[in-house]
Amino acid sequence: MTSDDRPDPDALLRTLRQSGGAREHAGRLKVYLGAAPGVGKTYEMLSDAAQLRDNGSDVVIGVVETHGRAETEARVRGFEIVPRARIDHRGQVLEEMDIDAILKRRPQLVLVDELAHTNAPGSRHDKRWQDVEELLAAGIDVCSTVNIQHLESLNDVVASFTRVRVRETLPDRVLDRAEIEIVDLPPDELIERLKAGKVYVPHEAARALGHFFSKSNLSALRELALRRAAQAVDAQMLDLLKAHALAGTWAAAERILVAVGANAGAAEVVRAGKRLADALRTPWTCVHVETPGERPLDAANQLAAAMHLAVQLGAQVITLPAAGVVDGLAAAAADTRATVLVIGRARPRWFPWQRRLHVDPLARRLPGLAVQLVPSGLAESVPSSALPLRLAVPQWRLPSGLVPSLGMAALVTALGKAIFTLRDNITNVGLLYLLPVMFAATRYGLATGVLTGLACSLAYNFFFIPPTGTFTIADPQNIITVLVLLGVAGVSSQLAARLRAQALLARQSARQNSALAGFARMLTGISAADELGRVLCAEAARLLDARTVLLMPEDGRLAVRAAWPPEDRLEVLDHAAAQWAFDQRQPAGRGSDTLTASEWLFHPVEGGGRALAVFGIARPDADRPVRADQLPLLGSLIDQAGLALDRIHLEQDMANVRRLEERDSLRAALLSSVSHDLRTPLTAVLGLLRDLVPADDAQGRVITLARAEAERLQRFVANLLDMVRIEAGAIALRVEPVDLAEAVASAVHDLRRTLDGRPVRLDVAPDLPLVRVDPQLFHHCLINLIENAAKYGNPGAPVTVTARRDTFGLDLMVMDEGPGLPPGTEARVFETFARLEGSDRKGGTGLGLAIVKGFAEAMGLAVRAANRQDCPGACFTIRFPGETLHKVAELA
């Protein structure tokens, strides 16, 4: 299979991700895209979902914002709605989509309105699109809505003409992986809907008509939505073509390829390509074809400046080695599926046919590709020296290696003269002249080979063809011999030069691949971050001829961990650029869009989806940015270093995990041993205290107090044993139906001495369904929760135990009246040995609530902590899902 027939692996991976095949049970995302609010996105989503629901699909509403629109509210009826989560924020209760309830419900399809919405503080994710990604990862299909002004890449464009900066934005990658349906409405109809009060209330509608909802704004937004959807569909189509190795441009949309050469006119070509891309609203690629005929120092700075300009203007930049420019451009056009090729040409001066030297072969090689010429009074954007001989105007200068080649031709002439003296036969002497021609062509290139062949033909004519000593040819047969010799010399020179060019390209590619392979091989043996930094800096400095530095986080800030040369240190501005690159995970410094005053170009070194370090590179002269054609090699080095650095961090984390496992194992063994050793004497002490008969009331009070403290100590020891069982996974369940009212009453009865007269309010209805739990473990949970509420509530304040039934299950809540929990500690309170300073949860062993959580999860229940809404105090809730409720029909 050739490279043209082989599917593109990156495109195949993107296609699998989009279709849900990259992950075994990944869901699919469909986005209803509109130009502005009020076009009917939510209504259309609900209409399509209603059809799926009527056809038997399991569809629920996660969140739908009707904004008071009667048509939308009517469409919502008939759908199952997952109740929203209530979040307490600064004394206000905010409602957001309950992602945990949806994950537990696991429908086939969930409707999530307003994809770019920002969640309330305290939510699991900052943005709603992150909630959607978690639902998709769980295998749940999602339908959502978004307006074009919320797209991150178009945020500035929309603000430029609407004068409104949208704060809630959505990354483009979310839209790129989705199935897009455009919900379109002409501006006049949308304005009529707005005036009729179908979008906003009257006073808001009047203000919107005078600002955002002008006809010009709506027309521009509509065009942006249609073009962005077309770009997303075109990108998905290209990935599909590459994934299946299908040939052809499939020009559903324009794709621009700009050819850049190493000359002064390259910047003009880049700007022309940018103007064309903006006019067509399409992505564009800038390509430079490296050829053997290109002079190494031929306007290298101009090429670097042009490639850097292309990057600044938003182009994708590639550098492609090829035997000729036409071959390279053909390969680049096939790879990018380009429909328009932009190249530069010089204004013809002496040769009117000069302008056709590039266009004609390109048109023959690339049928169906439109070629646009950019006039330039300075130089060609495609160097003629890189084209084949039949296409190029030769550069008249002394070729390299001409002197030794002519010397070899003179040596052959002397040898032939000696042979001709010994034997009066010149038939085979002409063949000797092929030796210097082949030597010159293979060693020094085509031009030297041709000139050497011409010199050999003249020497053969002058020294061997009668009359010798002149360039006159008396015998017509000798004319044929000279012409054949010259033709063979030219053809053999061209073939040899072409082989040499291919060998040089292969050597250059092999050198770069060898450098990358060697670098990867060195990284496999590195186990320390500092050593990796030294290797990365030294290797990058050697390959790119530049100064390098690597910074890593240290005590909350970036610090230099390696540099080449080692004495390099950074200024304040350089540190600021490096910190920005690390925080934003984007390049910064010279050659980027941010903090360009720094002489360094900083790239984040990423691994595991996060920034691990920052790599900086600077040219030795520090007056120009790093050449754009060196950026792919730099990116490969940084990517390999990121993988190696992530591996080092994972190895360190694994070592820490092993140490923690050893410590936890030792702790479990110690707890088990101590608790067993304490249990035996405690049992004896309790037995003796129960058998003691007090002589008077004072002695009775002492015995009662001693018995209560002994029982409390016995519960501590039991908690230690229970914690060991939980961590060891040695909990054996005996599930059976349990009446909540009886279970709560039994726990209160066992705690009567600990409660010491504290009131307990029970609000557990007797008609609640039985719950399927382990009676003993559930009894331990109630004991710990009620004792915790009694201990940390205000003196004399009641402990409230209540139960509430809802559509999806049942909640049992134990509440106290006290200071409550500090904000942000609701989850940490269930950790082992957790004692919260500055709250009502300090002191004690810190095991009771951890045991509650462990036992509850073992029985398939969920437990959470929060502060009460009606009065100060803490509320601990045990959640019984629907499958744990014992229905009455089952008892029969």
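In this predicted model, 6 strands form an open sheet with parallel pairing, in the order β3-β2-β6-β7-β1-β8. The edges are held by β3 and β8; each has a single partner strand, so one side of each is left without a neighbour in the sheet. Strands of a sheet pair through backbone hydrogen bonds, either parallel or antiparallel. Between β1 and β8 the pairing is parallel and extends over 5 bridges, and tyrosine 32 stands opposite glutamate 181 in β8. Helix α5 packs on the sheet, where it touches β1, β2, β6 and β7. The direction of α5 makes about 175 degrees with that of β6.

The residue ranges of several of these elements are as follows.

| Element | Residues |
|---|---|
| Strand β1 | residues 29-34 |
| Strand β2 | residues 59-63 |
| Strand β3 | residues 80-81 |
| Strand β6 | residues 109-112 |
| Strand β7 | residues 141-147 |
| Strand β8 | residues 179-183 |
| Helix α5 | residues 128-137 |

In soluble globular proteins, nonpolar side chains tend to be buried together. The largest nonpolar core here has 44 residues, of which Leu740, Phe778, Leu812 and Phe880 touch the most other members. At least two residues of this core come from each of α24, β21, α26, β22, β23, α27, β24 and β25. Helix α26 supplies the largest share, 9 residues. Another core, of 34 residues, lies apart from this one and has Ile102, Val112, Leu151 and Leu175 among its members.

Which residues does phenylalanine 880 touch, not counting those up to four places away in sequence? The contacts of phenylalanine 880 are Leu740, Val771, Val773, Phe778, Phe808, Gly809, Leu810, Leu812, Leu861 and Leu885.

Helix α24 spans residues 740-750, and its buried residues are Leu740, Ala743, Val744, Ala747 and Val748. These residues cover an arc of only 135 degrees around the axis, and therefore lie on the same side of α24. An α-helix has 3.6 residues a turn, so residues three or four places apart point the same way. At the start of α24, aspartate 739 places a side-chain oxygen within 3.0 Å of the backbone nitrogen of alanine 741.

Elsewhere, strand β13 (residues 370-376) contains proline 375. Proline 375 has a relative accessible area of 39% and is partly exposed. Glycine 344 is 31 residues from proline 375 in sequence, yet the two are 6.0 Å apart in space, C-alpha to C-alpha.

Definitions and conventions: Residues numbered from 1 in each chain as written. Predicted model: local features only at pLDDT ≥ 70, side-chain atom pairs only at ≥ 80, totals over all residues. Heavy atoms only, no water. Buried < 20%, exposed > 50% of the residue type's maximum accessible area, 1.4 Å probe, protein only. Helix = DSSP H or I, 4+ residues; strand = E, 2+ residues; numbered from the N terminus. Arc of directions from axis to C-beta. Polar contact = N/O pair within 3.5 Å; in protein donor to acceptor, adjacent residues only side chain to side chain. Pairing = 2+ DSSP bridges. Contact = heavy atoms within 4.5 Å. Axes fitted to C-alpha atoms, helices over the stretch in contact; angles between N-to-C directions. Core = buried A, V, L, I, M, F, W, Y, C linked by side-chain atoms within 4.5 Å.
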